[in-house]
Amino acid sequence: KGSGVKDYIGLFAVTAGIGMDKLLKSYDDVNDDYSKIMAQALGDRLAEAFAEKLHVDVRVKEWGYAPAEGLSPEDLIKVKYDGIRPAPGYPSQPDHTEKDQMWDLLSAKDLASIELTESLAMLPAASVSGQYFANPESKYFAVGKITKEQVTDYAARKKMDFETCERWLAPMLGYDR
């Protein structure tokens with residue numbers, strides 16, 4: 001039974017890094033550290049801009065829950081839009097292991113050529129991923145320190161052994177291991 005309230009959630013993964021390795025190697029070959037750093041920074045900024053543009057398109061066109069939004073760049077930075085765009089590894093979702101499920105659902109490797117390393121970093125490095133929560137009541141938050149009991153419960157729900165879960169959540173632990 002539906003609530004009658006239109007609500008949306010989604011996933012995304014974007015990259016501006018395809019071919020970046022070849023470009024960076026060309027700068028390495030001539031010992032041009034400045035150009036290498038600038039190319040990396042530009043790739044990172046373009047990936048973030050792509051993610052932000054996609055989020056605008058989702059709100060205004062694709063899901064269309066904010067068709068007349070028209071926010072300025074300053075308002076976008078101040079998050080004056082409805083909904084949120086959290087990402088694994090950030091304060092509201094510190095668990096990087098959720099990327100495995102995201103990649104499966106998105107077919108991110110096949111469709112966007114974005115791979116995950118063993119430590120779940122994205123390759124190409126100039127890539128951004130996350131979720132969309134469209135509900136206007138959605139707000140960013142930070143997960144605080146967690147207890148051993150919370151890790152035990154979380155590990156059980158994820159069907160992950162405790163030690164592995166604890167290792168992935170190490171920065172969030174409110175106790176000594």
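Which element contributes the largest share of the lining of the largest pocket? In this predicted model, that share comes from strand β4 (residues 127–133), which supplies three residues. The second largest pocket draws the largest share of its lining from helix α6 (residues 148–158), with five residues. Eleven salt bridges are found in the structure, and Tyr-34, Ile-37 and Met-38 make a nonpolar surface patch.

**Largest pocket**

- The space in the largest pocket amounts to about 400 Å³.
- Its lining consists of 19 residues, and those nearest the centre of the pocket are Glu-48, Ala-87, Tyr-90, Val-128 and Ser-129.
- By class, the lining of the largest pocket comprises eleven nonpolar, five polar and three charged residues.
- Glu-48, one of the residues nearest the centre of this pocket, is also linked with Glu-52 and Arg-85 in a network of salt bridges.

**Second largest pocket**

- About 280 Å³ of space is found in the second largest pocket.
- A set of 14 residues lines this pocket, with Pro-94, Val-143, Ile-146, Tyr-154 and Leu-169 nearest its centre.
- Seven nonpolar, three polar and four charged residues make up the lining of the second largest pocket.
- Helix α6, the source of the largest share of this lining, also holds the residues Arg-157 and Asp-153.

- Arg-157 and Asp-153 form a salt bridge in which the closest N and O atoms are 2.8 Å apart.
- The two residues are separated by about one helical turn, because they lie four residues apart in helix α6.
- Arg-157 counts as exposed because its relative accessibility is 55%, above the 50% cut-off.
- Asp-153 has a relative accessible area of 39% and is therefore partly exposed.

- In helix α2 (residues 33–62), Lys-61 forms a salt bridge with Asp-57, and the closest N and O atoms are 3.8 Å apart.
- Lys-61 and Asp-57 are four residues apart in helix α2, about one turn of the helix.
- Lys-61 is classed as exposed because its relative accessibility is 56%.
- Asp-57 is buried, because its relative accessible area is 17% and the class covers values under 20%.

**Salt bridge between Asp-28 and Lys-36**

- Asp-28 and Lys-36 are joined by a salt bridge, with 3.3 Å between the closest N and O atoms.
- Asp-28 has a relative accessibility of 37% and so counts as partly exposed.
- Lys-36 is likewise partly exposed, because its relative accessible area is 22%.

**Nonpolar surface patch**

- The patch made by Tyr-34, Ile-37 and Met-38 covers about 340 Å².
- Met-38 is located in helix α2.
- At 40% relative accessibility, Met-38 is therefore classed as partly exposed; a residue of a patch must have over 30% relative accessible area.

Terms used:
Residues numbered from 1 in each chain as written. Predicted model: local features only at pLDDT ≥ 70, side-chain atom pairs only at ≥ 80, totals over all residues. Heavy atoms only, no water. Patch = residues over 30% accessible without salt bridge, like charges linked within 9 Å, V, L, I, M, F, W, Y side chains within 5 Å. Areas by Shrake-Rupley, 256 points an atom, 1.4 Å probe, with all protein chains shown as cover. Salt bridge = Lys/Arg side-chain N within 4 Å of Asp/Glu carboxyl O. Buried < 20%, exposed > 50% of the residue type's maximum accessible area, 1.4 Å probe, protein only. 1 Å grid on protein atoms, 1.4 Å probe; cavity = no way out; pocket = protein on both sides within 12 Å on 5 of 7 lines; lining within 4 Å. Points joined across faces, edges and corners; volume = space filled by probe spheres on them. Nonpolar A, V, L, I, M, F, W, Y, C, P; charged D, E, K, R; others polar.
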